[in-house]
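Let's walk through a few local features together. Please have the sequence and the structure open as you read.

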Amino acid sequence: MPHRQRHHRAVGAAVAATAALLVAGLSGSASAGTAPADSAPTAAETLRTDAAPPALLNAMQRDLGLDPRQAERRLVNEAEAGATAGRLRAALGGDFAGAWVRGAESATLTVATTDAGDVAAIEARGAEAEVVRHSLADLDAAKARLDKAATGLNTADAPVWYVDTRTNTVVVEAIRPAAARSLLAAAGVDRSLARVEARTERPRTFYDLRGGEAYYINNSGRCSVGFPVTKGTQQGFATAGHCGRTGASTTGANRVAQGTFQGSIFPGRDMAWVATNSSWTATPYVLGAGGQNVQVTGSTAATVGASVCRSGSTTGWHCGTIRQLNTSVTYPEGTISPVTRTTVCAEPGDSGGSYISGSQAQGVTSGGSGDCRSGGETFFQPINALLQNYGLTLKTTGGDGGEEPGEPGGTWAAGTVYRAGDTVTYGGATYRCLQGHQAYAGWEPPNVPALWQRV
């Protein structure tokens, strides 16, 4: 196990007071050395946690054991924590070793660092600090070596590996421990960086029986719509790559001609998009419980420990949490990387469907193991990578995002997918991206301090 040292910030005795204090602290977090204007929106306001529909909140209550107030507070805290973690990642640089939230309301943000000298700065932002041995960059590099080595190996008996920031290790889950050891040896990953865990099930894809917001492929197999998108004036939707190959035709749940796969990658990634005909209109919604519309207002990536909900036609709405971000998974068809691993359950027929955290799109269902009766795990293809790969724009309530900003201009552009750490110019100033997202008109860097930090 890695060497570690914990530092805890003093908190009030009452849980409610602690949550309130933390949110106030996170909302008030500023760019390094700069206090935000009093009128600056909080991260929760920027990311529209108030747009979370009753269907999503009800599913969070059911699956995460929350009451209504806790579900609402959790979304607020997760939005604030994501922004704070982004600022600290930029400030800590190479020392940064990951971040995660915990607690029923996600009221505690922990930020890991390799330098004990960073503790005061982390705690000043309202987070707990954990000093660990390995930086996130080192863990990501080790995981990348595993990905490269896996291309020449049969990883069916070591089907899942990922960066686990909470234990500061790269974990390989194996049905046979020898298979994990072989993968680690082939990758040349130091055992001080790695941990092997046992698992009993092999993950598989879910498309073969049913879909979420159903559509049929070549009048036979069925999958689910992920998120409506646009590409210029062309409308369509994002979904899983294993659902259909490029050129395959689709029909809707009503069996009306719908569209054609314009691009599809599987294995390697699990991403695809379908261009629809004029009979179909992209909307900023995901189908929720009881047929309710769930609004999508953006694609800001959630952090480890955050709540996430999934829509699928077989099992409906189910929620859980994000376990790891940078994960690789081996299905019978091949290895997919990187995907996000969750505690959300799914079953055959749920593949390709939507994952959403609050009102923020997260990804499309790839595969998993277990079921929604005994419990399981699922992996999703992150939506931002899919959008970037195909040059798509997520359909949101804020418009189609296709407008380019006028004055004051700069390198920032609506419709672009930005990753944490990217820099842009706008209005003569330089900004650093705090959380991965797709940019929209109205989300110019000065307007969204949850997403951009002036440098």
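The paragraphs below take up a hairpin, a helix and a sheet.

This is a predicted model, where local features need pLDDT of at least 70, side-chain atom pairs count only at pLDDT 80 or more, and totals for chains, interfaces and linings use all residues. Residues are numbered from 1 along each chain as its sequence is written, and side-chain values use heavy atoms, with hydrogens and water left out.

Let's begin with the hairpin that β9 and β10 form, with 3 residues between them. Strands here are DSSP runs of E with at least two residues, helices are runs of H or I with at least four, and both are numbered from the N terminus. Strand β9 (residues 213-217) runs antiparallel to β10, and 5 bridges join them; Tyr216 stands opposite Arg222 in β10. In the turn, Asn218 has a positive phi of about 50°. Strand β10 (residues 221-225) is mostly covered, with 4 of its 5 residues buried (under 20% relative accessible area, 1.4 Å probe, protein chains only; exposed is over 50%, partly exposed in between).

Next, look at helix α8 (residues 383-390), where Ile383, Asn384, Leu386, Leu387 and Tyr390 are buried. Seen down the axis of α8, these buried residues fall within an arc of 160°, so they line one face of the helix. The arc is that of the directions from the helix axis to the C-beta atoms. After α8 comes Gly391, with a positive phi near 65°.

Finally, find the open sheet of 3 strands, ordered β26-β27-β29 with antiparallel pairing (strands pair if DSSP finds at least two bridges between them). Because β26 (423-426) and β29 (452-454) stand at the edges with a single partner strand each, one side of each is left without a neighbour in the sheet. Strand β27 (residues 429-433) is joined to β29 by 3 bridges, and Tyr431 has Arg454 in β29 as its bridge partner.
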